[in-house]
Amino acid sequence: GSAYMSSEEWRALLSKRKVENVCELREGRYNAVFHVVTAAEGAEQYYTLENNDARTETPEVARVLDEKTRTAWVGHPNLRVFDNSTNFEGKLR
């Protein structure tokens, strides 16, 4: 949604869908949001285009999109962000 379009496009989409309250859209639809930070942010040595055909972003672009996506969910009462300070098992704790 909002992370992948301009603010003008986002407002036009909200208007077209007759969404008056973005908070209700964001918080009323999902019980929780789990955001796993891109490896391009803090674990750059693991970020590669070689092992994922769907991944096309440079590390720089991946960081920008990651921040935009995370920002889109700020305000959700059950937003949980998992950074790269631990391994996968540590994230599960």
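Me: Is glutamate 44 buried, exposed or partly exposed?
Reply: This is a predicted model, in which local features need pLDDT of at least 70, side-chain atom pairs count only at pLDDT 80 or more, and totals for chains, interfaces and linings use all residues. Residues are numbered from 1 along each chain as its sequence is written, and side-chain values use heavy atoms, with hydrogens and water left out. Buried means under 20% relative accessible area, exposed over 50%, and partly exposed in between (1.4 Å probe, protein chains only). At 40% relative accessibility, glutamate 44 is therefore partly exposed.

Me: Which residues does glutamate 44 touch, not counting residues up to four places away in sequence?
Reply: Glutamate 44 sits in the loop between β1 and α3; helices (H or I, at least four residues) and strands (E, at least two) are DSSP runs, numbered from the N terminus. A contact requires heavy atoms within 4.5 Å. With residues up to four places away left aside, the partners of glutamate 44 are Ala39 and Arg63.

Me: Which residue has a side chain joined to that of aspartate 66 by a polar contact?
Reply: Aspartate 66 belongs to helix α3, residues 59–73, and its relative accessible area of 7% makes it buried. Beyond four places in sequence, aspartate 66 touches His35, Val36, Val37 and Thr38. A polar contact is a pair of N or O atoms within 3.5 Å; within protein, one must be able to donate a hydrogen and the other to accept it, and residues adjacent in sequence count only if both atoms are side-chain atoms. At 3.0 Å, the side chain joined to that of aspartate 66 is that of histidine 35.

Me: Which residue in β2 is the bridge partner of valine 33?
Reply: Two strands pair if DSSP finds at least two bridges between them. β1 and β2 (residues 79–82) pair in the parallel sense over 4 bridges, and valine 36 stands opposite phenylalanine 82. The partner of valine 33 in β2 is leucine 79.

Me: What is the handedness of the β-α-β unit made by β1, α3 and β2?
Reply: A crossover is right-handed if, with the strands pointing away from the viewer, the path from the first strand over the helix to the second runs clockwise. The unit formed by β1, α3 and β2 is right-handed.

Me: How are the rings of tyrosine 30 and tryptophan 73 arranged, stacked or edge-to-face?
Reply: Rings of Phe, Tyr and Trp (its six-membered ring) pair if their centres lie within 6.5 Å; planes under 30 degrees apart count as stacked, over 60 as edge-to-face and the rest as tilted. By this rule there are 2 aromatic pairs. The rings of tyrosine 30 and tryptophan 73 have centres 5.5 Å apart and planes at 80°, so this pair is edge-to-face.

Me: What is the radius of gyration of the protein?
Reply: The protein has 4 helices and 2 strands. The radius of gyration is taken over C-alpha atoms, and the globule rule is 2.2 Å times the number of residues to the power 0.38. For 93 residues that rule gives 12 Å, and the protein is more spread out than a compact globule because its radius of gyration is well over this, at 15 Å.
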